[in-house]
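Me: Hi! Could you look at a model with me?

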Amino acid sequence: MKRVARSFLFFTGVASALFFLNTMPLNAQEGKPQNTSIPDSLNMLFHKSCISCHGSKGELMSKSLLNFDKWQNYSDSKKIDKAAMICKMLTKGEMPPKAVRDSKPELVPTKEQVDAICKWASVLKAPGTAE
Ligand code: HEC
């Protein structure tokens with residue numbers, strides 16, 4: 001009898017652990033408010049390749065269109081628009097500008113990095129619909 005009780009406890013333990021593991025990603029997807037800050041891995045890339053122009057120390061033209069130092073102050077809809085624009089410009093190879101691409105090719109994001117950026121942009125736009 002003792003043994004049965006113990007295995008029953010073990011079973012319910014495993015079952016509830018599985019239950020929690022299962023519900024965790026769901027909560028993360030539906031959790032509101034959504035986290036609209038830039039993920040660290042992408043932030044590092046933007047800092048390396050873009051911040052000289054698209055940061056508070058950049059030229060007026062580029063920083064007024066997109067300023068990564070001010071990202072947290074952007075409204076959610078502006079973040080969504082700018083992220084989509086970043087994906088588009090990088091996919092078409094229009095950023096960084098040609099002069100930079102030619103003189104500093106190490107600053108050009110790789111295809112994998114562009115894919116990760118576009119995926120992030122699409123999740124911002126419609127949370128939970130990635131893949
Ligand atoms: C040498 C300076 C420079 C660098 C480096 C640079 N940009 Fe730009 N960017 C500009 C300028 C100037 C414009 C505005 C003129 C244009 O669209 O070509 C611009 C425009 C943009 C726009 C359009 C914004 C809008 O709302 O119209 C996006 C998006 C963008 N850049 C993303 C990036 C990203 C992402 C990087 C880094 C991978 C980057 N840029 C690197 C100078 C730069």
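Reply: Happy to! This is a predicted model, where local features need pLDDT of at least 70, side-chain atom pairs count only at pLDDT 80 or more, and totals for chains, interfaces and linings use all residues. Residues are numbered from 1 along each chain as its sequence is written.

Me: How many helices and strands are in the chain?
Reply: There are six helices and zero strands, taken as DSSP runs (H or I, at least four residues, for helices; E, at least two, for strands) and numbered from the N terminus.

Me: New topic: where is K57?
Reply: K57 sits in the loop between helix 2 (40-49) and helix 3. In space, K57 is 9.3 Å from D69, C-alpha to C-alpha, and the two are twelve residues apart in sequence.

Me: Why does K57 count as exposed?
Reply: Because K57 has 11 other C-beta atoms within 10 Å. The cut-offs are 12 or fewer for exposed, 20 or more for buried and partly exposed in between, with C-beta atoms placed from the backbone.

Me: What share of the chain is buried?
Reply: Of the 131 residues, 12% count as buried.
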